[in-house]
Amino acid sequence: MDTNSWTKKGPNRAGKGKHMANLKYRISSRLVAAILCAFCVLLFCQCSKNNPKSAEIHLLLNRHPFTESILRFIPEYERKTGVKVSTLLLSEEEYFEKLITELSSRSSYYDLFMLGFPHLWQYAKAGWLEPLDQYIENPNLTPANWDPNDFFPELIACSRWNLKQGAGMGEGQLWALPVNEEAYVIFYRKDLFERFHIKPPATYEEVYKAAKALTRNVDGQQIYGFGHRGVRSWSTIHPGYLTAFATWRARDFDDSMHCVINSPQAIEITDLFIRTLKEGGPPGWPSYTWYEGKEAFLSGRFAMWFDANHQAAAFENPTKSQVAGKVGYLLPPAGPDGEIRSSTWVWSLAMNAASKNKDAAWRFLAWATSKEMLQRTVPYENINPTRRSVWEDPKTVEATNWAQGEYRRTAQLLLSKYARIRWTPSTYVTQAGDRWAAALQEIYEGTRTTEQALKSAAADIDQMVGK
Amino acid sequence: MTGYALRTQSPNPPHRSLPYLLTLPALLALIGILYPFVLGVYYTFTNYILTEPGNIRFVGLTNYIEIFKTLDFWKAFSLTFVFAGSVVIIELALGLGVALLLKDAFPGVRILRSLLIIPMMIPPIVSALMWKVILLPTDQGVLNHILSFVRFPPIAWLGDSATALLSLIIIDVWIYSPFAILIFLAGLQSLPKEPYEAAKVDGASGWFMFRKLTLPLLTPCIVLVTLFRLIDSLKVFDIIYATTKGGPAGATVTLHIQSYFEAIRWFRMGRGMVYLFVLWFLCFIFSKALSRLWTKVLMR
């Protein structure tokens with residue numbers, strides 16, 4: 001700064017102006033430097049946040065009765081163990097998008113997360129999941145009363161895979177622990193069926209006829225006979241449709257991983273299923289996720305709703321439901337050979353292979369999947385339990401004794417006899433399922449015949465699989 | 001050059017580094033923008049599958065050739081243009097019309113102007129979810145419920161391929177028309193009064209003045225609105241993601257939505273990036289052309 005010139009020449013206007021300009025210049029340059037420093041400090045703080053200390057674990061969770069119930073008990077866990085547990089809860093579609101972004105970038109931020117078996121197959125193959133057997137076998141990490149044999153064996157089998165495309169489910173490493181199981185039933189409005197003298201359907205043809213007959217105006221309200229998910233997503237394929245598809249003995253892939261969703265049996269059942277939705281379902285079926293379908297059934301707009309059996313907890317809750325006490329539970333109808341088959345879904349908790357807090361994460365995982373905790377989540381609609389002791393506990397029996405025990409009877413039969421994973425184990429389930437769902441929408445919209453749509457989808461899926 | 005200019009003005013040595021310091025954020029931002037872009041373009045030439053990160057191979061133009069051969073690409077390509085073209089035309093017309101109505105002072109005009117901005121203040125994803133409830137297919141939907149009073153059967157607005165695109169256009173117009181209205185309103189209020197007074201003296205009709213005075217004088221605003229809205233609507237994602245996710249039966253799959261399916265849902269990052277690169281190229285061409293036109297109009 002030219003201070004001498006100011007004192008020597010006096011405070012003339014030009015000198016003052018120059019002095020002010022210099023001062024401003026210096027202030028602004030320092031301000032810029034300070035802002036840059038602050039930015040760097042903030043950036044550093046944010047980055048260092050991504051390296052949690054051992055006393056903190058991060059959970060990425062899907063919005064689901066299990067997560068909503070376990071969240072209630074997390075403060076208790078934090079108090080007891082001193083471990084801080086931070087969670088991020090997202091709805092299903094957004095959840096999986098966030099999860100794939102985190103895992104594919106090999107981020108270690110989230111230690112534990114939820115997944116279903118399609119994701120288990122994808123992520124295990126990619127090397128993103130931590131195998132869990134070693135933790136179960138370690139007495140220093142797993143309490144003695146944490147009984148691994150108490151889980152339903154079918155559900156543990158769903159969580160093991162030997163990483164071979166097209167086979168190997170139930171073999172190899174254990175990649176996750178089941179926390180919630182669902183199989184598929186047809187929820188039906190007993191009052192409407194009785195009022196219009198319609199017999200509860202036992203075959204898919206009867207479902208079609210009942211759906212058509214019940215799509216009518218009842219006391220000023222439009223009722224639709226049959227509801228099912230419809231969005232362009234693999235999750236549309238998975239519940240009722242795949243149940244019906246398996247009942248016709250149709251398959252997604254053959255033994256050499258060629259897509260066979262256009263087999264004659266597949267075309268026959270797909271045609272009947274979509275016809276049921278078109279003639280006995282709501283308008284705009286392709287816009288239905290399970291959230292919307294469940295809401296429609298809750299508010300009395302569907303006479304039948306083919307989806308996860310544990311939604312009974314909401315349907316039977318009079319504070320949420322307009323149909324509480326009027327709901328019946330039907331096993332999936334039998335196919336041409338008289339056999340019943342159901343698809344199933346298992347929600348599990350898995351550990352990030354890149355986690356830096358694996359021991360702490362495992363301790364939480366063991367706590368969350370213990371008998372005691374799974375039992376405590378039952379009153380908060382975390383149904384169906386994945387441990388035999390919890391399912392048979394008198395408190396669970398009392399909590400799930402809906403429709404004079406009809407719910408438990410169907411759930412028990414499904415779990416022990418009819419419900420299996422109907423997808424071929426591979427890393428292509430979600431991609432193939434999305435394309436398959438697009439084909440169902442084309443059939444529904446009439447832009448293609450059933451045969452054309454399934455043939456075209458099968459060709460595209462073959463291309464995805466690299467066949 | 002800037003450094004030289006500053007050095008001659010200021011004799012103090014510490015100031016020498018200042019120009020570099022000042023350009024550093026811009027340089028960092030440039031790297032931050034260019035690095036993902038270049039990486040994305042590189043991925044278009046690879047077989048990158050998200051779940052197989054260790055198996056990235058260079059495949060040349062295979063992704064481009066495969067995608068350009070599919071019907072899905074051309075459907076998404078044309079749908080992107082139909083959507084963008086429709087919303088730009090409607091928003092221009094509606095924006096200009098409403099701005100003309102609101103340019104003069106009358107009781108309540110200020111409240112009306114404030115109310116009109118509301119859709120723009122709501123995040124588009126929230127607006128889209130709100131519209132999803134309004135357009136629910138059964139009589140649970142607000143619109144269908146209202147229509148039921150005049151004995152209209154429920155329409156599956158977002159669930160029917162005949163009405164899904166139209167519904168998305170309505171949502172986009174609802175959200176972004178206020179932007180056009182604001183620009184046109186500002187443009188109309190800054191127009192010179194003299195030509196209008198002269199035209200009035202000559203006995204010109206309102207329509208004549210609109211055609212021969214207002215429209216030509218507003219051309220910079222029209223180009224500006226077209227530029228912003230065209231680029232934005234070519235890239236549309238949030239509204240479709242929140243409402244139809246590309247359904248029903250692919251009736252609302254634009255390039256951006258198809259890239260989301262390819263890259264995020266089907267893990268085929270290489271193919272997903274091809275869709276995005278084509279989209280970027282389209283936006284680049286249009287923004288260049290329109291910004292040139294804008295400069296030309298301003299120079300006139």
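## A cis bond in a loop

A:Asn384 sits in the loop of chain A that runs between helix 16 (371-377) and helix 17 (388-392). Helices here are DSSP runs of H or I with at least four residues, strands are runs of E with at least two, and both are numbered from the N terminus. What is the peptide bond from A:Ile383 to A:Asn384, cis or trans? That bond is cis, with omega near 10°.

A word on the model: it is predicted, so local features need pLDDT of at least 70 and side-chain atom pairs count only at pLDDT 80 or more, while totals for chains, interfaces and linings use all residues. Residues are numbered from 1 along each chain as its sequence is written, with chains lettered from A and ligands numbered from 1 in the order in which they are written.

## Two positive phi angles

A:Asp219 isn't a glycine, yet it has a positive phi of about 50°. Look for A:Asp219 in the loop between strand 7 (216-218) and strand 8 (221-227) of chain A. A:Asp219 is exposed, with 5 other C-beta atoms within 10 Å. The cut-offs: buried takes 20 or more other C-beta atoms within 10 Å of the residue's own, exposed takes 12 or fewer, and partly exposed is in between, with C-beta atoms placed from the backbone.

A:Ala403, also not a glycine, has a positive phi of about 50°. This one is in the loop of chain A between helix 18 (394-399) and helix 19 (406-418). A:Ala403 counts as partly exposed, with 18 C-beta neighbours inside 10 Å.

## Domains 2 and 3

Chain A splits into domain 1 (3-49), domain 2 (56-181 + 347-410) and domain 3 (183-343 + 421-465), with bounds from an automatic or database domain assignment. Taken over C-alpha atoms, the centres of domains 2 and 3 of chain A are 27 Å apart.

Contact means C-beta atoms, placed from the backbone, within 7 Å. On that basis, 20 residues of domain 2 of chain A meet 23 residues of domain 3 of chain A. On the domain 2 side, helix 5 (117-126) and helix 19 of chain A each supply at least two residues, and helix 5 gives the most, with five.

## Where chain A meets chain B

The contact between the chains takes 31 residues from chain A and 28 residues from chain B. Helix 2 (13-49), helix 4 (92-104), helix 5 and helix 20 (429-445) of chain A each supply at least two residues of the chain A side. Which helix of chain A gives the most to that side? Helix 20 does, with seven residues.

Notes: Two residues are in contact if their C-beta atoms, placed from the backbone, lie within 7 Å.
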